[in-house]
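Visitor: I would like to learn how to read packing and backbone features in a model such as this one. Could we go through them together, one at a time?

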Amino acid sequence: MNLSTDYMGLTLRNPLVASASPLSRTVDDVRRLADAGVGAIVLYSLFEEQLRREAAENARLVDVGTDSFAESLSYFPAAAEEEAGPRSYLSLLARAAAAVDVPVIASLNGVTPGGWAGYARAMEDAGAAAIELNIYYLPGDPRISGRDVEERHIDVLTRVKDSVGLPVAVKLSPYFSSTGEIALRLDEAGADALVLFNRFLQPDIDPDTLAVVRQVGLSSPAEARLPRTWIALLHGRVRASLAATTGVETAADVAKYLLAGADVVMTASALLRHGPEHATVLLDGLSDWMEGKGFTAIDQLRGMLAVPTGTDQAAYERAGYVGALREANSGFYGPW
């Protein structure tokens, strides 16, 4: 069974990718994921807030040093070196890339263009196989226009692409007035992959404690329908690779994303629920399903159920909607 696939120019042994999560915070964790069989690993995200905090701390330490003696300008306390942040992230990236035989992809999570390019270059120097731009931007100010939000994404991508020679993926949210157009614009701006979709933190309210509850919920298979729809619509219409993420729990979920047109299928929630070794279960299940259907390679099934090129996509989607309503109503009222 040939499970190999191409993802933004990287040849992977299979299409299952461990997406950014707490499961990749140490070299041992990265080894567990690789040993479980995943085709690539996205390290946990380096957040823009960490970059700002470290820059501010470095400036403070330099200021303190200038008040004592000149040699202290090159001195940083050991505690500062041990803090979680960009330096420790780059160290982990370098050690992880050397420890496993699958591509290790770095992840930058931020909201503003400044600083992205410099850290992207540092990630390239540390041995990253590619960079995933996890642009976490929820425009809470109602005066920000949709076009401004889109331009921010294009600006970040352009700056990073101009700074590194690595493949660059953009992890998108589904909250655009025209998801298809921003996908095409990012594709034209040089994105090597589009990751669909990011999941924003959606806090809840506890009426007993009268407090806001901040939790990151794990995804469920029901949430996969939205990214799967857009992957089916974009397959064959963009140059960039398409990565599916959200709602991957079983081998059937992996197969459905591939049939829709995904080049790779990312998972974090299932691995957090069941452990990194669940990747082996997903891959074995995918191989069994392919054998049962008579497939011998991923390329034979990828995009089989994508929206055909040349189709009026709006009409195609509308026809499916009307058909689904007809089927649903026929069970209650008889055929239309």
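Visitor: Which residues does valine 170 touch, not counting residues up to four places away in sequence?
Guide: Contact means heavy atoms within 4.5 Å. On that basis valine 170 touches Leu133, Ile135, Leu157, Leu186, Ala191, Ala193, Leu194 and Val195, with residues up to four places away in sequence not counted. This is a predicted model, in which local features need pLDDT of at least 70 and side-chain atom pairs count only at pLDDT 80 or more, while totals for chains, interfaces and linings use all residues. Residues are numbered from 1 along each chain as its sequence is written, and side-chain values use heavy atoms, with hydrogens and water left out.

Visitor: How many residues does the largest nonpolar core have?
Guide: A nonpolar core is a set of buried Ala, Val, Leu, Ile, Met, Phe, Trp, Tyr and Cys residues joined through side-chain atoms within 4.5 Å, where buried means under 20% relative accessible area, exposed over 50%, and partly exposed in between (1.4 Å probe, protein chains only). Here the largest has 78 residues, and those with the most contacts inside it are Met123, Leu133, Val170, Leu186 and Leu194. Helix α9 (residues 251–260) gives the most to this core, with six residues. Another core, of 16 residues, lies apart from it and has Met8, Val42, Ile105 and Val264 among its members.

Visitor: How many of the ten residues of helix α7 are buried?
Guide: Helices (H or I, at least four residues) and strands (E, at least two) are DSSP runs, numbered from the N terminus. In α7 (residues 179–188) seven of the ten residues are buried, so the helix is mostly covered; Leu186 and Arg185 are among them. The cover over these buried residues includes α6 (146–163), β8 (168–172), β9 (193–196) and α8 (225–234).

Visitor: Where do the buried residues of α1 fall, seen down its axis?
Guide: The arc is that of the directions from the helix axis to the C-beta atoms. In α1 (residues 27–35), Val27, Val30, Leu33 and Ala34 are buried. These fall within an arc of 120°, so they line one face of the helix, whereas Asp28 and Asp35, on the other side, are exposed.

Visitor: What is the phi of methionine 8?
Guide: Its phi is near 45°, a positive value in a residue other than glycine. Methionine 8 lies in the loop between β1 (5–7) and β2 (10–12), and it is buried, with a relative accessible area of 7%.
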